[in-house]
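Hi there,

Here is the structure I promised to pass on to you. My notes on it follow below, and I hope they are handy while you look around.

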Amino acid sequence: MILVTGGAGFIGANFILEWLGCGDEAVLNIDKLTYAGNIDNLAPLKSDARHIFVRADIGDTSTIGTLLKKYQPRAIVHFAAESHVDRSIHGPADFIETNIVGTFRLLESARAYWQSLPDDARQSFRFLHVSTDEVYGSLSADDPAFSEMTPYAPNSPYSASKASSDHLVRAYYHTYRLPTLTTNCSNNYGPRQFPEKLIPLMIINALAGKALPVYGDGKNIRDWLYVDDHCSAIRTVLAKGVPGEVYNIGGNAEMANIDVVHTLCRLLKEIYPDKDFTEQITFVKDRPGHDRRYAINAEKICTQLGWRPRETFATGLAKTIRWYLDHQDWLDAVNNKTYQQWIDRHYVQG
Ligand code: NAD
Ligand code: TYD
């Protein structure tokens, strides 16, 4: 079996659903269920014995050590993190605790377990660390896209905490030879994404007749990747990646935020022809330290491991909108008091 951390979150849940959809290897899912963790994401696996869920913190060394001994996973795929830049600006402490200290403790648990394995299991064991392109900082309009050789220059507490965790993973390979793999992926979108992030936020607000809050001039650029393509890249790196290596993952889909929002409004109008959602677009105060542009050069994973994204931005976005329209019950559950407190704190009080 494999161990997945953060498997009740957006990408982790999609990863587990797909993993068990295309094979029979069991998954031990360890998730703390923070505000972003949602066990309903895994509802289709409720009575599936191949999915074992344990609510625990990655930093709880004693629990993680016991689980590793009991279940003997052949790999750890590490998604668990605090993941929202705006929240990291309001309160960085949780980001330091989970993304840095938590990853360090998980690495220690993994190292102790890995060292206890027999030779052949030690050889084949993998620790795959899921990270972000944000560690590379911000690009100007004509800079080349981020490659694996781009120096780190994180600008937000979130990206700084992810950068620190990447460095720890690197050190565990170089110092202890723990067979690590690191992936740095661009912005994801798709089903089950917590609505604090740009694309689900805009879909939900558009349908509710609320403002579509675009930060600054709306010209910040992100490189969008449909979540299933990220998951297939992680499966590819886990199967074929070389220990100690880093792989950038991206979909060659750079877009300014304002263009993303206009595209969403256009696709929604095809479903609701009487409405003009663009009237709801509102420019709001910019995010402090807002990175201007991200772009990923994914040549290494494409040429060395043979991975390719399947969705274009247009096909992925249409699927995403459909999913949110078809899952009102999921949205009602997520749109609770705690979420409203975040919206109020961030968008109303500022
Ligand atoms: P998410 O916020 O939706 O989910 C994170 C999950 O981790 C939640 O289920 C949460 O309960 C769990 N978690 C948080 N702290 C924990 C702890 N201390 N112990 C155990 N579980 C804990 O995040 P996501 O968007 O699914 O991102 C997953 C990973 O992918 C993160 O490491 C993130 O940095 C990385 N990433 C995300 C994107 C993106 O666009 N969303 C892009 C590139 C990389
Ligand atoms: P986000 O989904 O928070 O991802 P990240 O900050 O990790 O890239 O934001 C994507 C882009 O959208 C980013 O440039 C900030 C912008 N944005 C808005 O303009 N308005 C919003 O309400 C949010 C949440 C994001």
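**Lys219 and its surroundings**

Setting aside neighbours within four places in sequence, Lys219 is in contact with Ala256 and Arg292 (contact means heavy atoms within 4.5 Å). Lys219 sits in the loop between β8 (212–215) and β9 (221–223). Helices (H or I, at least four residues) and strands (E, at least two) are DSSP runs, numbered from the N terminus.

**How to read the numbers**

This is a predicted model, in which local features need pLDDT of at least 70 and side-chain atom pairs count only at pLDDT 80 or more, while totals for chains, interfaces and linings use all residues. Residues are numbered from 1 along each chain as its sequence is written, chains are lettered from A and ligands numbered from 1 in the order in which they are written, and side-chain values use heavy atoms, with hydrogens and water left out.

**The two ligands**

Ligand 1 has 28 residues around it, and Ile11, Asp31, Ser83, Tyr158 and Lys162 come nearest (a residue counts as near if one of its heavy atoms lies within 4 Å). A backbone N or O atom of Ile11 is 2.8 Å from an oxygen atom of ligand 1, and a backbone N or O atom of Asn188 likewise lies 2.8 Å from an oxygen atom of ligand 1. Asp57 uses its side chain: a polar atom there lies 3.1 Å from a nitrogen atom of ligand 1. Pairs like these are polar contacts, meaning N or O atoms within 3.5 Å; within protein, one must be able to donate a hydrogen and the other to accept it, and residues adjacent in sequence count only if both atoms are side-chain atoms.

Ligand 2 is surrounded by 19 residues, the closest being Glu134, Pro213, Arg287, His290 and Tyr347. An N or O atom in the side chain of His290 is 2.7 Å from an oxygen atom of ligand 2. Leu198 places a backbone N or O atom 2.9 Å from an oxygen atom of ligand 2, and Asn257 places a polar side-chain atom 2.9 Å from an oxygen atom of ligand 2.

**Helix packing**

Leu198 and Asn257 turn up again where α7 meets α9: Leu198, Ile199, Met202, Ile203, Ala206 and Leu207 in α7 meet Asn257, Val260, Val261, Leu264 and Leu268 in α9. By class, this contact has 10 nonpolar, one polar and no charged residues (Ala, Val, Leu, Ile, Met, Phe, Trp, Tyr, Cys and Pro count as nonpolar, Asp, Glu, Lys and Arg as charged, and the others, Gly among them, as polar). The axes of α7 (residues 198–207) and α9 (residues 257–271) come within 10 Å and cross at roughly 45°. Axes are lines fitted to C-alpha atoms, for helices over the stretch in contact, and angles run from 0 to 180 degrees between N-to-C directions. α7 and α9 are therefore oblique to each other; angles under 35 degrees count as roughly parallel, over 145 as roughly antiparallel, 65 to 115 as roughly perpendicular and the rest as oblique.

How do α4 and α6 compare with those terms? The axes of α4 (residues 93–115) and α6 (residues 157–176) come within 8 Å and cross at roughly 15°, so the two helices are roughly parallel to each other. By class, their contact has 10 nonpolar, five polar and three charged residues. Tyr158 and Lys162, both listed for ligand 1, are among the α6 residues that meet α4.

Happy browsing!
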